[in-house]
Amino acid sequence: MKKKALVVDDNENNLLLEKDLLEVAGFEVFTAKDCRSGIAMARKEKPDIIVMDMRLPDMRGSEAAAILRRDLETSDIPIVFVTASVLAEGREEIGAVPNSGFIGKPINTRTFAKEIGQFIGQGLPKANAKTRTG
Amino acid sequence: MTANKTITVSHEFSEGIVNTVREPLVVLDQDLRVVFASRSFYEVFRVNPGETVGQLIYDLGNKQWDIPRLRELLETILPQKATFDDYEVVHDFATIGKRTMLLNARRIPSPPEKAKVILLAIEDITKRKRRDDSNYTLAAIVNTSVDGIIGKNLQGYVVSWNNAAESIYGYTEEEMLGKNITLLAPPGYEEEIHSQLNRLQQGGLINNHETKRVRKDGVIIDISLTLSPIRDQSDALCGVSAIMHDITAQKKARQRLVISEYSDSIINTVREPLIVLDQDLRVVTVSRSFYDVFKVKPEETVGKLIYDLGNNQWDIPKLRELLETILPQKATFDNYEVEHNFATIGRRIMLLNARQIERGMGKERIILLAIEDITERKEIETGLEKTRKELEVIKKSADEASEFAESVINTVREPLISLDQDLRVVTVSRSFYEFFKVKPEETVGQLIYDLGNKQWDIPKLRELLETILPQKATFDNYEVEHDFSTIGRRIMLLNARQIQRKLGKERIILLAIEDITERRKVENGLEKAHGELNELATELKRTARVKSEFLANMSHELRTPLNSINGFSEVLFDETFGPLNEKQKKYVNNVLTSGKHLLLLINQILDMAKLEAGKMKLGLSTVPMKSLLHELSLLVADMVSKKDLHMVLEIADDLPDVEADELKVKEIIYNLLSNAVKFTPGGGTIGMRAKKSETGIEVEVWDTGVGIAPENREKIFEGFFRVDTPYSRVTEGTGLGLPLSRNLVELHGGKLSVESEGLDKGASVRFTLPAIAWKTV
């Protein structure tokens with residue numbers, strides 16, 4: 001049975017790229033363009049992992065994560081934040097969310113799906129999740 | 001002679017003279033009752049003898065004689081002075097109307113009949129005042145003079161001789177009648193008498209002429225002589241009246257008096273108690289100060305024996321010795337010291353100066369005794385010797401202190417003023433005059449409020465001096481703002497000290513005035529500037545925050561599209577969704593390479609911005625340097641071989657690990673290695689040396705490449721600088737690698753430097769890292 005992944009990103013190109021990469025890697029991918037629909041989708045589909053941008057139109061990714069964590073049905077789903085922000089502030093936000101990880105943009109297309117897969121059912125140390133291209 | 005007979009004789013005698021003269025004349029007894037009046041009196045005043053004789057003069061003619069000025073003359077003046085001439089009385093008589101009268105009065109002190117008699121000549125000068133008939137009046141008045149009265153004819157033969165004349169000259173009337181008056185002339189005075197008679201015959205007068213005459217017993221006496229012509233009823237000159245009295249005793253007395261008055265005034269003027277004793281040591285005179293000092297009264301002093309004065313308190317053995325033993329031998333004795341316990345004034349030390357004067361003031365000898373109370377002087381003298389040395393020491397130090405204080409006052413820049421307890425200016429510093437533009441002569445001794453046209457009359461100053469200072473001896477930094485007429489509005493800081501002088505109850509106030517007008521301006525300016533600075537700092541912080549936010553946003557916004565560009569390029573290049581032809585694959589690779597370069601550029605710009613903003617943080621860990629350097633050399637090995645370069649590694653075996661941010665260290669070395677590759681043409685050599693240093697490690701990355709011109713050695717750290725060589729066009733880079741690396745090295749506490757001998761001579765970048773990075777945040 002395919003692993004379910006929910007990707008939340010307001011940038012359609014990135015949403016498409018991440019969806020493609022995960023589908024190629026064998027995920028069943030659901031997408032949402034904002035936090036509300038993302039949270040709704042998470043409750044509906046109960047994905048194995050949620051891949052979420054930090055900056056979203058209706059609220060911050062960390063706020064959406066807090067809502068998901070309060071809901072017993074979604075509280076255990078690992079969340080990987082994919083963010084272009086380089087500021088420490090963003091890291092702290094992510095650190096405050098249990099069972100979460102972080103992948104910096106731009107993503108490495110050759111390793112992205114593999115990195116995401118590692119978060120499922122593991123609660124991986126965040127250090128391993130850190131990636132930096134350049 | 002009985003008293004009655006004497007009076008009768010006197011009456012007859014008087015009547016003779018009185019009735020010959022034309023002027024009204026009244027003779028009064030001691031009770032001021034009329035003994036008799038001249039005919040002319042009755043005529044002039046139109047009164048009858050019956051209602052006149054025996055009457056009180058004031059009651060005459062229906063009390064028309066009760067004239068205040070007459071009472072004054074008779075009751076006040078005459079008892080003191082035996083003679084009073086030309087006493088003018090203006091009175092409105094009931095019978096004769098308003099008259100001006102000249103009264104000439106004589107009290108006869110010792111008339112022969114021993115009855116005090118007053119002779120009052122009344123001259124009605126009302127007429128004279130109108131007609132100036134002075135000669136006529138004067139002669140009549142002179143006729144009334146008593147004392148000795150001698151009538152003589154114009155040849156000088158005596159026609160009348162009264163008892164007074166008899167007592168003066170010793171000749172009886174009988175002896176003298178018919179004799180020539182020259183009989184009375186002492187040798188050499190006959191001529192005088194003749195010339196007097198001649199003068200009188202020509203209508204002249206002789207008044208109170210002091211001359212000498214000889215008595216019957218041959219004694220020459222001093223007399224005062226007044227000669228007047230006597231006229232008969234037809235106003236023809238018929239004789240001479242001579243009125244005289246013996247002034248021998250009077251003259252002597254007057255001489256004595258003059259001396260006595262003189263000495264008395266001296267006695268009463270000198271400060272020292274003085275006492276004059278007669279030969280029996282009885283007090284003759286005492287100075288006022290004597291009474292004051294010894295607290296005795298005049299009535300219990302004069303005439304007393306000196307030893308008896310003030311309850312015998314003057315009975316002092318040493319005084320007795322002086323007065324009774326020493327003085328009779330020596331007429332003068334100075335500074336005779338006597339110590340005595342006086343009942344009234346306590347123990348005193350006195351210095352006595354005595355003079356014995358022979359035949360003074362009518363006494364055989366008198367003693368003048370000056371008493372000086374030297375008790376206090378003695379006490380002072382005793383104390384003086386003891387304290388003089390102390391005083392000298394004190395004075396010396398006081399002088400020094402005073403000099404010092406004065407020089408301090410004149411040296412200090414601040415205006416200084418010292419006031420006495422009445423707030424009057426005692427001293428003022430030079431700077432005070434200069435500052436407040438006042439002159440010394442209009443300052444010292446003035447009330448401070450009055451200085452410079454009262455411009456110092458400042459309510460707050462009054463408050464300080466009159467209210468605050470009396471309670472607090474010291475007051476600092478009392479701020480007063482005042483508009484001075486000379487120097488304009490000033491803010492002053494007053495510092496006051498009240499100094500209580502140890503001796504006496506004086507106090508002195510020292511007032512230092514500091515003009516803080518300018519300072520206050522500066523302070524206000526500073527405060528304003530400070531406020532502005534704070535605003536600026538706030539603004540700067542805000543700007544920095546905005547800049548950070550901007551960078552964060554830019555980072556996000558730039559990376560997001562790059563994520564798509566690089567991501568999709570990679571997916572295409574990897575042929576994930578189907579194969580590409582050769583040209584397609586090459587072009588996609590170009591897009592990917594450019595995208596990656598753009599990403600590098602963005603990352604480095606962000607890093608520089610973070611470093612400059614001090615926001616770059618180091619995540620420290622133990623960095624295994626040897627393996628890290630080998631790892632990095634492998635990372636660039638591909639590029640090195642592609643450019644056909646040779647790479648030399650010299651990494652010391654004992655190279656230690658360091659505490660550093662591993663990612664940053666990797667970035668530094670990667671930057672340097674990639675630069676070396678980029679700027680070294682094919683066939684060249686690059687190399688890396690690493691060794692242990694004193695404080696940590698030293699790493700050098702070198703090449704045989706294009707090198708750096710000396711003038712560009714600093715420019716290469718400015719950012720976006722690319723050494724402009726033909727070759728530079730073909731090299732890729734951001735121009736930020738070297739400055740970023742240097743900043744990262746310095747962030748760790750190390751140093752980075754570049755060496756090159758010039759263009760095409762290669763370059764070498766050397767940097768150090770401390771064993772433990774100290775610039776941690």
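## Where the chains meet

In this predicted model, 20 residues of chain B are in contact with 19 residues of chain A, a contact meaning that C-beta atoms, placed from the backbone, lie within 7 Å. On the chain B side, α18 (517-573) and α19 (582-612) each supply at least two residues; α18(B) gives the most, with 13 residues. Helices (H or I, at least four residues) and strands (E, at least two) are DSSP runs numbered from the N terminus.

By type, the chain B side divides into 7 nonpolar, 9 polar and 4 charged residues. Here Ala, Val, Leu, Ile, Met, Phe, Trp, Tyr, Cys and Pro are nonpolar, Asp, Glu, Lys and Arg charged, and the others, Gly among them, polar.

## A sheet in chain B

Chain B has an open, antiparallel sheet of 5 strands in the order β7-β6-β10-β9-β8, where pairing requires at least two DSSP bridges between strands. β7 (158-161) and β8 (206-214) of chain B stand at the edges with a single partner strand each, so one side of each has no neighbour in the sheet.

β8(B) pairs with β9 (residues 220-231) of chain B over 7 bridges, in the antiparallel sense. K212(B) stands opposite D222(B) in β9(B).

## Chain A in outline

Chain A holds 6 helices and 5 strands, running β-α-β-α-β-α-β-α-β-α-α from the N terminus. Of its 134 residues, 43% count as buried, that is, with 20 or more other C-beta atoms within 10 Å of their own, these atoms being placed from the backbone.

## Reading the model

Residues are numbered from 1 along each chain as its sequence is written, while chains are lettered from A and ligands numbered from 1 in the order in which they are written. Because this is a predicted model, local features need pLDDT of at least 70 and side-chain atom pairs count only at pLDDT 80 or more, whereas totals for chains, interfaces and linings use all residues.

Methods:
Contact = placed C-beta atoms within 7 Å. Buried ≥ 20, exposed ≤ 12 C-beta atoms within 10 Å, placed from the backbone.
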